[in-house]
Every structure is written in structure tokens, then in C-alpha cells.
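This briefing is meant to be read with the sequence and the structure in view.

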Amino acid sequence: MPFRLATASAFRSRSDQRLSHRDTDMRGSRTQQHGFSEVLLRTCLLAGLFFSTQLNAEDWRQFRGPNASGVAPGKYPLPVEFSTTDKVKWSVKLGDSVACPIIAGGRVFVTAMTAPEKFGVLCFEAGTGKPLWTREFDTGKLPRITPPNSQASSTPATDGNRVYVYFSTLGMLALDVADGKTAWQKPVPQPAYLMDWGAASSPIVYHNMVFFNQDDDLNPVLYAFDAATGVERWKTERPEMLGGYAIPVICEANGQTDLVVAGTGMLKGYDPETGKERWNCNTLLRTIMTSPVVRDGVIYLANQSYGDEKRTLKYALLEWLDTDQNGKMERTELPKEFWKRFDLSDKDHNGVIEGDELDTAFQSSQNQVGGGSNIQAIKGGGTGNVTATNVLWLNNYKLKIPASNLVSPLVVGDELFVVKKGGLSSSFDIKTGKSNWELARIKNIGDYYASPVAGDGKIYVVGENGFVVVLEQGPKLNVLAKNDMGESCVATPAIADGRIFIRTREHLYCISEEAK
Amino acid sequence: MPSLFFKTVFPWQTLPASVPTLSRQLLLVTIGLLFATQAVAGPRVDVVVGPKATALERFAASEVAVQFKKLFDADVKVSEQVPAEAGSLILIGSPTTNPALQPLAATWPKLSDQGHLIRSVKLGDRKVLVAGGGSPVATLWAAYELGHHFGIRYALYGDMYPGEPVELKLDGIDILLEPTLRSRTWWTIGNSPIGPESWGQADQEQLLKQLAKLKFNRVVLWFDASQPYLDFEFKGVKKQTGVVWRGERFPVDGDTGGRTAFHGAKFFENPDFTNKKTYGERVAAATLRARGIIETCRKLGMSPGLGIEPLEFPREFASVLSGGDKEKDLQLLTVSPGTGQKIDDARLMELVQAQLQAYLKTYPNVDFISLTLPAPVGWANQAETAWKELDPQTRLGKSKTFENLTTILDSPSPAVVDAKVKMLKGKIASLAFFKRLLTTKDLGLVADGHTVKFEVNGIFPVFFPLLDKVLPPGVAARNSLDLNLLPATEKRSLMKGVPTERVASSLSLPLAHEVVGVLPQMSGSALKSLVDELRESGWNGFELNCSTIGEMDFNAYYLSRASFQSELNTQQALTMMLAPTLGEASAGRTWKAFEEIEQVTALIDKNDFFIGAPHKNMVMQYYQSSEPVPEWWGKAQELYFSAMNEMYRVNTRAREGNREFSLYLARRFEFAGEYLGCLMAVRRAGIAKSKGDTETQMAELEKAVESLNSALNALAAVARSNSDRGVIAVLNEYGYRPLKKELEAE
């Protein structure tokens, strides 16, 4: 059955999406480094290609789609009830991965571990599932990770020309969308995590630049690569950060465009052209794994970091890495990657780090933030420390915590929606932060890793147990359906052209009303 | 490496002339180095077996090759002659099986059939290592001992290789091992969804390989009459009952806690029985599977046997039995004699013999049959007659009168005493029947001419001093002290009474059997105490009949080592097991975790031995009660979580491999803590229900569901056998779904 014919109005409606969405989608180059004619030429070529092949193609070009919002811009109807056999336009068995699918120009790109030491990037025709190309890379010896993380954890991003893929042992790769050929490959230092969580950061593309924030426990860095060549445009070290996984987002506010990155204790706005820090807001917590969401120049965050505000990294180290539980850290108690740092931190050279040494061995003395939980809205833009000026509302929680440490919030309509372990959901008014409901069950008990996505007036919440709960978008909790995808699911789904792409641990399903 | 050499020549011969000379030279050197590096693999090791070596000795050589390749990346060559120029040289076998070892014949130590050695020696000018034993299987154990020497640790789930590189050093080794416990038996199959009856043939074989590495030497395939492992006919009655898990099915699709463990399957099942719908198909699958296990045992040098209950029959044989009050199992699949059946009924004896003969015909390649002595209470009224029947032959009455026997059983509860007395009387009647059965001429004669041996299990400790009188000569005993480890230890003095010089006896160690159920329990101190007593009392060995074997890796390792090293205690054994594989610091934390599990075990033994036993009401029974939550549940949960934390610490420390060991235990203990959390919430929901407090009842039911879901997910994340999957499937059926149903109904 032919899917919906493209119409000018449909395309216009996509073009009219909020600026922040359009910009991160990079549908046309606007970089000032290229001459106008070149820009025009490329735009025409791209547009020509676009309309000639996929007139109606709607894209989802990175983790959580447009600017990591999780909201599908299209108005196409999306299925409510489906399964591994019902409403399945196509499906394919892949290797293990927790990375999300992305879609551009009618093509779906996914990653998978295709063999124990082989990393695959695969491209399918979005409408039919026809395989278009596959690239496999030898990974070499794989780093330690902690389940349910996968070695194939990073979600790729695309600008429609190339797919940008990160893998811990390979660095950043740019593959041609047409045939998967390597355009460039840039080494990136392997991240090191004290608790062996493993890599899981994902790139984004904006203005001909690939941004990649890798907050690890050793050498956190925000990178900007030239999308066409892979040349490093700039890199900004983030020494005050601990391991975390927030994806950068673009925020336009107060006449400036910021690359906004959440990390330990701080939300920071950077100049995307130079990597220079413009502002910071110090309302975050120790460990930040969820990503912020931007809407109309406001940045929304929902965080939870284990323990109370006094629980700095030191306490986690003493609890989990101090093997002999003597209240001191010996060198051998740390992963080898941290031994050099250990030696620097052992200021009295007595072979252990203890007391004050321990406070600052791995956590910046300037950023001794602890745990807790909060949900907040921060006005974008500004300069310097905006903590006192830009926080629109901030809900702190000690008991009955609605935010998850893993699942990013969803801002859709006038609501901010969060879900956490146990299938406990909460919804807040984005203007005031007042709750519509708190800790109400969505009838799917279990763990949650994937972040919710929305489209067509519905919210899709994927549980680790492989059930996709569909909620009605609105200020009241209304569970519309609970759909069984048959196996564990950690990846966040993608939505494009009325199709929901659900990446379970081993499969990719294209769910659509198109399916018979 | 000539072919490789030629390959290295071609690239630089074809370099274009435009490449500058210096660059060209550098490039050539680089390529040369590259290929030189590739050409030199690991060290060369030659393994030599005798030309007439047995299959087990050849297998031993191949196992050394596999292990050395993995340990040292060695280039291992197995041959029948000592090469003129060898790297490191290993000789497999003994002077009688390997001519290369003939020069050592004069100094070769006297080894028993289980004794084995690894020893560095000089043959002429050459340093060699010898791995050999007093029999082919002992030689295989020597090969495995060599791997152990270099840091490989054998667990039930697989091998753990050293975390750090090991130096290949074959000199200075001198290890000679003789067993102090000669019989090391593993029971498999059974009839529980949480036990090895769930394991497919491939999994069974993998486990048997690990058991061989752990030097277990006997395997019992344990069947019950409801299963499809036997097809037979008696006087026109044909067996028709043949089901797995007494016919129970365990769906795992839809909303199933921990379903990731099942990889999309809609039912939990033994893969060997998938789509086996008819009786005939199941019998064919079952016999194929059992024969496969027996064959694998043979290949690995282990002695296979069967375990059956001879007085239990499929229900269709009810018509053959006398009387109208036959005993039936819960699912009505099997029948046993009732009060109306005389113990000297010739037709019953004929039926029992026919069933036994059918087993031997179906599985002729076994060495022994272990017969379970039942305790038919229906036969209690024939006990006195039976005792008299046993007495004339054995002068049993002089050792203990019938009255003596039945009055020594005590319990705070008269009802329990009464039940125990009835069971004891049933056992006496059965013993008389067994004695006649086991003296039947040619009972164990198999068609190929060999005779299987018999042993009896399930004998009450009260009979221990009388074993040589109640059992016919040559029949061994497999004895049990208690269903759980700590109470068994308290009764260890009873072991001293067994006339071990006349009756070969082995002790059934109550570890992780079906009744222990889903909750991990262990006690290193109790285990050592029993093992010490086995030695002191001259017992032949031990038997393990485990269902959920997840936390049995260490117990199996300890038993394996302690069987050959009397002085070893459990903490030393744990360090020996984990120091090379997870690091010495990990061993200390693991010991702490195990001590906490030992405390839980004591709490369970003291308070509610059956708390983890799988049955349909295992969770919901606590919903029906308005009794307060027992305090010890909270303590036990605390201990499980504390042990979990310790194992997570071990896991963060064990960075270079073997995290499978630590993470498994961390999540297994997490499972247990969450499971107890579920029971506590269920009990609180029950209390609220009894008070009409619906809000609390619902909130607690939600907590119960969530805790059980977390428990199942924790186990699913590390499930590595169908015992684990069985636990998940059973708890879904007996706990998760009933709880959800209750929640949704309210």
C-alpha cells in the first residue's frame, strides 16, 4: 500500500517547526564559512535529491529526533495498538545494541554488534526495510562495560549527507549515507569510568559541525568536528565533570544560539562556533545521565542522582571501590586507567588516598556536588553564572521522587512528562512546575532505560521488559494501550513519516498504520 | 614457517622505485618486523601420548592443548612420539601406557586407580613434565590438575582463566594426589522445573564436562515413574504416562517478570522436549537424551547409574496392584502400594522386577542403580512382620528391638512423632521387600553379560548401625542426615555408627536441592564439618543432588579439592579458587558475602525451612495470613542485600575477566532480597485485607508485584542455566501472576 503522498502543506508544516528543531536537523547548510553560492548550490542539490527520492520524508536525525526533544514534528497518524506481528510494516533481526535508530531521507540507520568484536552500521529503506548497505568494523579488544549497556550504545546522527557514528575503540566515523563508505574517521580517547559503566555518549550535528560530549571520570571533553572533513574545529575540556551521558542540545534564546550541555552540578551554555563557555547554571546534581529538553528558549531537566546532597563521589568510591573497606583507596583498588590520577592525588605519597585527598581525587574541588533529585526549567541564554537569574522553577525532591536517573523528560504540549522504575509516571505544567499527577503507574512494572517519545497526540513509553505503553498526551493520565514487543528494550524509539521504529535488544521493528 | 616467509618477500620486491631509499628501507624493516611478529606465535609445546593410549588419555592430551593455547597462546602439537627438537615437552599417561615414560618406570610412584600426578622430571638431558595417573581417567584428571596449577579454575558454569598473564614454566612442579573421598557423585535429571530436568542435552553435556574437570566420578540419572524415560509393559498393561515436570506447563510470554531470560519463547521448556506432543515422541526424546548423558559420562571417565523408586509405578499399573487404597502422587500420575498390598505379594515383586529389567534393557550401559527406599505409611501395619522377617537372617533383633526403633523418635509434637513412626514402619516394611528383591538371582545381569550393582538410598539414620544387616552383601548405601545442611551437621555423630567396612556408604549432601528451592543457601562451615566427618568415619564419599546450582560453583570446587586435600578448609579453598581468577582481594569480600549467606541459611533452617520450596501457594500463602511479618524475614533480607553489595564490590574489583562469577552472585543475592521484600509486602497486604484497609492492601500488593518483578529481572539479567530460568518461570506462575490477578481484581 503506497504511503501518504507528499504534499506541499505537509512539508511546510515540518518546515514551520520550531527553529531549534530545524537547526539541529541541518536540512541546509547555513555556515558562514562557505560562500553564499556554494550554500545555495548545496541546498538546491540537497533539496532536489530530497524531493526526487522521498518527497514526504520526515526525519529523526539523532537521539530523540529534533534537538533531542523526543517529539515527532509530523502530523501523521501513529498506531496505538501493535505487537511484533500486528502493525509491523517490516522488521529485521540485528545484533545487540542499545542505540536508537535514526532516519533521514527515507533511510533508517542503526548500529549493532554483528559479532563479538565486530561493530556494524546498517542502512535500510525506511518504508520497506530493504537493506541498502552494511558496514562492519573490527573493534579490537572491547572495553569493560556494565549491563544492560551494550558495546553498541552510541546513537548515530546524520545531516543527510553522512552518518556520524561513535564507537569506543574506533572513535568518530563519518559514513556516506548513500553507500556507507567512510568519509572520515577521527580518533577519540576511550572514556574511562570508575564504575565501568562504559561508553554511551552520542553525537549531534549542527551547522556543519559534529558535536560530541564525552563526560567520563578521567578526561571529560566536548568536541566539535567539521562534519565534512572530520577536522577538529575545537574542543573544550570539562574537568569539573564526572561521568555522565547527557546529549548536547541547541538553545536559541536572547538572540544567541547556545550549545547546552548538562553535567555534574552544572548546566552550561557554549558558543557552538568556538566552544567557549558563555554561561552556567549550578542547579544540577552529581551524576547526570538524562538529557535536557529545549522548548521556546527554555531548558527543562529532570535528574536524579543517588544519595542526598552530601553524597559526593567520595562516598560512592568508598562504598564500591574500596575493596577492603578500610576507608582509604589503594592504587590497586582503582581501574588501571586511573592510576596516574591516583598518583597525582596521593599528595603525601603514602600509597593511599584518604581524607581530603579523596574528596578531590576524582571530583573537582570547585564542584563538590552530591546526589538528590530535581525537575526544573531554566531560561536559555545569558552570560556568566545565571543560577540566580535564569531558573524559572525548580522542584527538589527528597522523598517520593518522580525523576529517573536514566530516563530523560519529555516536553510535549504544556506538559513535562517523566517515568521511572516501576512504571511510575509524573506530569508537570511546564509554565509553573506544578504537577498534573505524580508517581502514578502506567500499568507496566519494571525497569525503564529508554526515554519517552511523542507524536500524533500520544506518548510512547518503552519499558525494559519490551512493553510499549501508549498514553494519551494531556494533563490527565490515560493509558491507551500496552503493546508487547517480545524482548528487552533499552533504546529510545524513533518516529518518522507515521512510522515508529522500535529497536529492541536484537530486532528493529517498523510499526505503522501502513502495515496490513 | 616457510610459506609465511615467502609471503613476506613479495611485498617489498614490488615496491615502486619512486619510493625514496630511506623510506623504502624503513618500510621494509617495518614490514619485516610485522611479519616476524606474526610468524612467532606463542611458545611451542609438544604433548606426547602413547601410541596405544586410550581414548581418555588422548582426550587428556587434547585438553592440555586447548588450555595451553588459551593460557599461553602456545603452539601446541599432540603426537605419539617425542619430537627430536621440542619446545616444552609434556608426556601424558604412565609408563604402562606411554613408552616415552618407560625410563621412569622404576621411580614411578604407586598410584591407585584415582591417584594422579603432575611432575617435572628429567629424561636424559631433557626437562619434561609428566601428567599421568593410575588409570586413564586419573590421567585425564592430571591434565586438568595441570590447568589448575596454572590458574584455571573450574566452575559448574564454565572455566575461569587467570585474570593476569601466566608464565609458562614447567619445571619445579611436583604434585601427587590421592583421594580421601573416592566416591564423588552428581545426581541429575530429577523432576523439577528448577532443576536439571529442565536442562537440554547440550547443557547437560557442558555440565558433565565441568564435573569431569572437578574430578567427579559418578553420575546418577534420577527418574520417577511419571516421566517418559522408560516404556514397558507388564501382563498386558502398557505404560502410557510419560510427562515432564508432572505435566505442568509454564508460560513465559506476555507480562512475565524477567522474561528476557527466555529470549522470546512462549513457554519455558526443556529444549529436548520441544514439540514432543505424544507419549511416543516424549519417550523417544527422553531415552535419547538419557542415553546421551550416559554416553557422555563414559567418554569423560565417569561411572553412570540410574536412580529410581522401584515401588512407584505409572498410574495405569494400578490394576496390577492389590487393594483399593493405593497411594497416589499429587498429580495422580503414579501409584504405590497401599495397605491392601502384602509385602510378600509375588505379583508385586514380579512387577518391580519387570520395571527394573526394562530400565536395564533401555539403559544397559550403566554401572549401578540406586534404589530409593520408600516409606509407604500404608505398609506400617506390616512393619513388625517385616522386622521379624529380617531378623532370622541377620540377628537384627539382638542389635535393636522393634520397640527400641520406634520409641527413639521424638518431637515436641505428638502428631509429628506419630507421622514419623508410621514412616519408619513403612521403611522397615520396604527394607524387607528390598532385601528379597536385591537377593533375586541375576537381578542386575545385563544382556551383554555385565552386572550392574545396586545401592539403596533413603534409609533413615536410625538404621545406620544396622546397614550391614538390613542390606544384602555388596549393596551400597546412599545416606541422608537431613534435608538441610545445618541440621545435618548437628547430626553428624550418627555417621560414626555406619559399618563402613562392610557397607560402602556415601552421604547425600543437602545443597541446593529442590526443597531448598529458590533462595540461595550455603554454609561453608557445615560443609567442611560434614566432609571431615566423612573422612573420619571412613565413608566412601558424597552425593550432590542439586536443583538451582547457581551458587554451587564454590561448593563443587571445595568438594573437588577437599576430596584430595584433607587439610583444606573452605576459606582456603575460596582463596585458592578466586585469587588467580578475580584477585586475592575479591576472595576476601566473597568470603564475607558467603558468611552472610551462611547466617541467612541458619535463619531459614531455624524458622521456616520450606520458605523457598516451589509449590503453587508458595507466595500467596502469606496473603492468607494476618500474622505479623516475621522479624527474621527483615534480617534475612538485610543479609542478602549485604551479600549482594559485597559481590558488587567484588565485581568492580574483578576487572580483567571472570566477572560472570561475581555479577551472577550479586544479582542472585539481589533476587533473594527482593523476593523476601515481596513476601513481606504480601504479608502486609494480607494483614491490611483482614482489617478491611483496602488502600494499604492495594499499595502493599503493588509493592509485592514490583519487588517480585525486580527479583525476577535481577535473576534474568544473569540467568545462565535452565535452573535459573526455571526459577523465573515457576515464580511467575506461582507468584507474579497470582499477585497481579489479585491486584487487578481489587
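Helix α7(B) has 17 residues and reaches 24 Å from its first C-alpha to its last, which is close to the 24 Å expected at 1.5 Å a residue. The model is predicted, and the values below are computed from it.

**Helix α7 of chain B and its surroundings**

- The buried residues in α7(B) are B:Leu348, B:Leu351, B:Val352, B:Gln355, B:Leu356, B:Tyr359 and B:Leu360.
- The partners against which the buried residues of α7(B) pack are β11 (233-234), β15 (303-308), β16 (313-314) and α11 (414-438) of chain B.
- B:Gln355 sits in this helix, which covers residues 346-362 of chain B, and it counts as buried because 22 other C-beta atoms lie within 10 Å, where 20 or more are required.
- When neighbours within four places in sequence are left aside, B:Gln355 is in contact with B:Phe232, B:Pro310 and B:Phe313.
- B:Gln355 and B:Ala415 lie 60 residues apart in sequence, and their C-alpha atoms are 35 Å apart in space.
- Helix α11 of chain B also holds B:Ala419, which is partly exposed, with 15 other C-beta atoms within 10 Å.
- The C-alpha atoms of B:Ala419 and B:Val377 are separated by 8.5 Å, although the two residues are 42 apart along the chain.

**Nonpolar cores**

- In soluble globular proteins, nonpolar side chains tend to be buried together.
- The largest nonpolar core has 214 residues, of which B:Ile90, B:Ile92, B:Ala131, B:Leu467, B:Tyr675 and B:Leu708 touch the most other members.
- Helix α19 of chain B (residues 659-691) gives the most to this core, contributing 15 residues.
- Apart from this core lies another, of 128 residues, which includes A:Phe82, A:Phe109, A:Leu416 and A:Ala496.
- Leaving aside neighbours within four places in sequence, B:Ile90 is in contact with B:Val45, B:Val47, B:Val64, B:Val128, B:Leu129 and B:Ala131.

- The C-alpha trace of chain B spans about 100 × 70 × 50 Å along its principal axes.
- Of the 746 residues of chain B, 51% count as buried, and among its contacts between residues at least 6 apart in sequence, 75% join residues at least 24 apart.
- Chain A contains seven helices and 35 strands, and 54% of its 516 residues count as buried.
- Among contacts in chain A between residues at least 6 apart in sequence, 59% join residues at least 24 apart.

**Contact between the chains**

- The contact between the chains takes 17 residues from chain B and 19 residues from chain A.
- On the chain B side, the elements that give two or more residues are α17 (584-607), α18 (631-653) and α20 (694-718), and the largest share, five residues, comes from α20(B).
- By class, the side of chain B that touches chain A has four nonpolar, seven polar and six charged residues.

**Domains of chain A**

- Chain A is divided into domain 1 (66-309 + 368-512) and domain 2 (313-361), and 32 Å separate the centres of these domains, taken over C-alpha atoms.
- Nine residues of domain 1 of chain A are in contact with 10 residues of domain 2 of chain A, and the domain 1 side of this contact has five nonpolar, two polar and two charged residues.

**Backbone details**

- A cis peptide bond, with omega of about 10°, joins A:Pro147 and A:Pro148, and A:Pro148 is placed in the loop between β5 (131-138) and β6 (157-158) of chain A.
- A:Asn67 has a positive phi of about 50° although it is not a glycine; A:Asn67 lies in the loop between α3 (36-53) and β1 (88-93) of chain A, and is buried, with 31 other C-beta atoms within 10 Å.
- B:Lys235 likewise is not a glycine and has a positive phi, of about 45°; B:Lys235 lies in the loop between β11 and β12 (237-238) of chain B, and counts as exposed, with 11 C-beta neighbours inside 10 Å.

Definitions and conventions
Residues are numbered from 1 along each chain as its sequence is written. Chains are lettered from A and ligands numbered from 1 in the order in which they are written. This is a predicted model: local features need pLDDT of at least 70, side-chain atom pairs count only at pLDDT 80 or more; totals for chains, interfaces and linings use all residues. Two residues are in contact if their C-beta atoms, placed from the backbone, lie within 7 Å. Helices (H or I, at least four residues) and strands (E, at least two) are DSSP runs, numbered from the N terminus. Ala, Val, Leu, Ile, Met, Phe, Trp, Tyr, Cys and Pro count as nonpolar, Asp, Glu, Lys and Arg as charged, and the others, Gly among them, as polar. Domain bounds come from an automatic or database domain assignment. A residue is buried if 20 or more other C-beta atoms lie within 10 Å of its own, exposed if 12 or fewer, and partly exposed in between; C-beta atoms are placed from the backbone. The expected span of a helix is 1.5 Å times one less than its number of residues. A nonpolar core is a set of buried Ala, Val, Leu, Ile, Met, Phe, Trp, Tyr and Cys residues joined through C-beta atoms within 7 Å.
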